[in-house]
Each structure stands twice: as structure tokens, then as C-alpha cells.
Amino acid sequence: MTEQEIRKKYQRDDETDLRGANVGAIDNLIGMLEIHKNSSDEYVRNIAEHFGEFEKLAPNFVIFESQKSDECFYMHSFAAFQIGKDTESLISSHEFGHAVIGVTSKTKVPKGYDGVIARAKAHALAPENREYFKQYITYLSQKDNEDRTQAEKGPVSDIISSVFQQEGFRIGSYDNECWLPAYHLRDYYFDEEKGEVKVDKVYDEDFANFYSLKANNCEKEIETLRNLFGDELIEVLNSEILKSAVILERVASKDQKESVLNEMESIKGVITGTTQEDIRSISEPEKENYKDEGERE
């Protein structure tokens, strides 16, 4: 989908429109998609290239401009992507990740993801990995540490929060609390009444965070996640990005095939002198029916 096509489909210039003007949002969206098209991950590039297929899978998909210029979020219930004119790429990419699986798979959780989470946690706490985990959490929690990257303080931090369903850790002495810079509250990820992990919430956030890292070429941070949690979590999330890319490709391919068939049908009608309706009646097959650092509650 070209920039012109995106603007024609989604841009609203008129302030009197009930949905409001969204020029700044569209400008930011187009810039974000350009970043994704330059990702080192071919499937992220593929998803960005096939953004035009979103409307075919989610006809009500709509783009709003956030009142706060740096705010962004995706509402699954309404297929609504809300983005500010100044939203940073890591944040907009995260929310776009929610949109990707919302549109392509209705955020269906991959089979056995609860086990993936449990094994990721076990890997981090294994005797041979525990010291690395403790050192990294200590490093990540230091507010005055200028070495921390935005990707570490955002997506990486929240994935740690999701795997452990908590906002921080006590490292060493009892009073040494290490709070994560970005997180969701425990009750977002864990149902205390049922005593179980909300796997759907964990998956939704894990995918969005991982997609953001992939889209913005955060290779160092992805390697950190691999060191913390092992290969399985990374490979499952990679496969989910691939699945979304394939779904969008198939939608595009189906449309192209139907376009070619319609064109061939028209040509055949001219050659034979029969109408398109005559040909259709004979040959057409029957169609199958997060919280940021400093905002802790």
C-alpha cells in the first residue's frame, strides 16, 4: 500500500468529521511503516508491505489521532489504532504489533504457550543462569544508569514482567527491591482468584513487545532475551510473526488471482461473444462459504 493509498483510505482532514481529523497520525503511521520496511526481519518487512490487506481482514479497521501527541494504543474490540503525531517508533511499533495479531488471527494464543512461559521462567532461574538474571535485573532497575537503551527499558522490561507476572524483584538482601522500568501490574497478567496466569494477556503483550524489537532492529536486546529465557520463547514469537506475514500474503495473493481470473473472463467473453454471466454460470466453481518507570501504582 503506497503512501498515497494510505492517505486516500484512512486520512481525514476535516475537523467536523465525527471521528476527527487524523493527519498527524497518518504522517506518523507512514513513517513507522517505512522503518518496518527496513527491518532486518523479512517477515516484518512483509507485514509492512501488506498493510493494505488489513482492511480485507478487518473491514472496520480505523485510525484515530491521539489527543496526546506521544500516546499510542490499539483497541482490539473496535479494530481501532490510535497514534499520536509524535509517538516514538518503539511505542507505535508495539501497538501496531497488537494490531497485527488482532487483524490476522484475532489474537489467538498458540497452543502450549502456558508451557513456553513456564519454561522461560525456569530457564532464567536455573542455577547456571541465575547470576546472569540477577545482574541484568539489577542493571535494568537502575534509574540513573545511562547505558540502558530505550528498547531495554520498554519491550525487554515488559517481557520480563509478563514471564514472571510481577513488577520487580528482590535481589540479594530483603530490602533491595529492583523495580522494572516498564511493566504491567500483576493482576493484568495473573488471576489471583483462580491462581493462574492469564496466558492470553501474556501472549498479546509478548508478541507486541517482540514485534517492536524486530521492527526496530534491536538485535542486542533480542539476544539479551535469548540469554535470559532460552531459545524457545524467541522461536515461538518468531514463528508467530511468520504466521501473520503468511496470512497477509495469502490475502494479497487471493485478490491478485481473482483479479486475473476476472480479466481472463472478460477477454473470453469478447472472444466467444457470450456474456460474462453466461460464462460464470457454466464455469465458476461454487464458493465455499504498559506502565512506564515512575508510574507505578
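**View A. Helix 8 against helix 11.** The axes of helix 8 and helix 11 (residues 219-229) come within 10 Å and cross at roughly 25°. Axes are lines fitted to C-alpha atoms, for helices over the stretch in contact; angles run from 0 to 180 degrees between N-to-C directions. Helix 8 and helix 11 are therefore roughly parallel (under 35 degrees). Their crossing is right-handed, meaning that the near helix is turned clockwise from the far one by less than a right angle. On helix 8, the contact (heavy atoms within 4.5 Å) uses Ala151, Glu152, Val156, Ile159, Ile160, Val163 and Phe164. Helix 11 supplies Lys220, Glu221, Leu225, Leu228 and Phe229. The contact residues comprise 9 nonpolar, no polar and 3 charged.

This is a predicted model: local features need pLDDT of at least 70, side-chain atom pairs count only at pLDDT 80 or more, and totals for chains, interfaces and linings use all residues. Residues are numbered from 1 along each chain as its sequence is written, and side-chain values use heavy atoms, with hydrogens and water left out.

**View B. Helix 8 against helix 10.** Helix 8 (residues 150-164) and helix 10 (residues 199-215) have axes that come within 9 Å and cross at roughly 155°. The two are therefore roughly antiparallel (over 145 degrees). This crossing is left-handed, with the near helix turned anticlockwise. Helix 8 contributes Ala151, Pro155, Val156, Asp158, Ile159 and Ser162. From helix 10 come Val202, Glu205, Asp206, Asn209, Phe210, Ser212 and Leu213. This contact has 7 nonpolar, 3 polar and 3 charged residues.

**View C. The chain around these helices.** The protein chain has 13 helices and 9 strands, taken as DSSP runs (helices H or I, at least four residues; strands E, at least two). Of its 297 residues, 47% count as buried, that is, under 20% relative accessible area with a 1.4 Å probe.

Conventions
Angles under 35 degrees count as roughly parallel, over 145 as roughly antiparallel, 65 to 115 as roughly perpendicular and the rest as oblique. Ala, Val, Leu, Ile, Met, Phe, Trp, Tyr, Cys and Pro count as nonpolar, Asp, Glu, Lys and Arg as charged, and the others, Gly among them, as polar. Buried means under 20% relative accessible area, exposed over 50%, partly exposed in between (1.4 Å probe, protein chains only).
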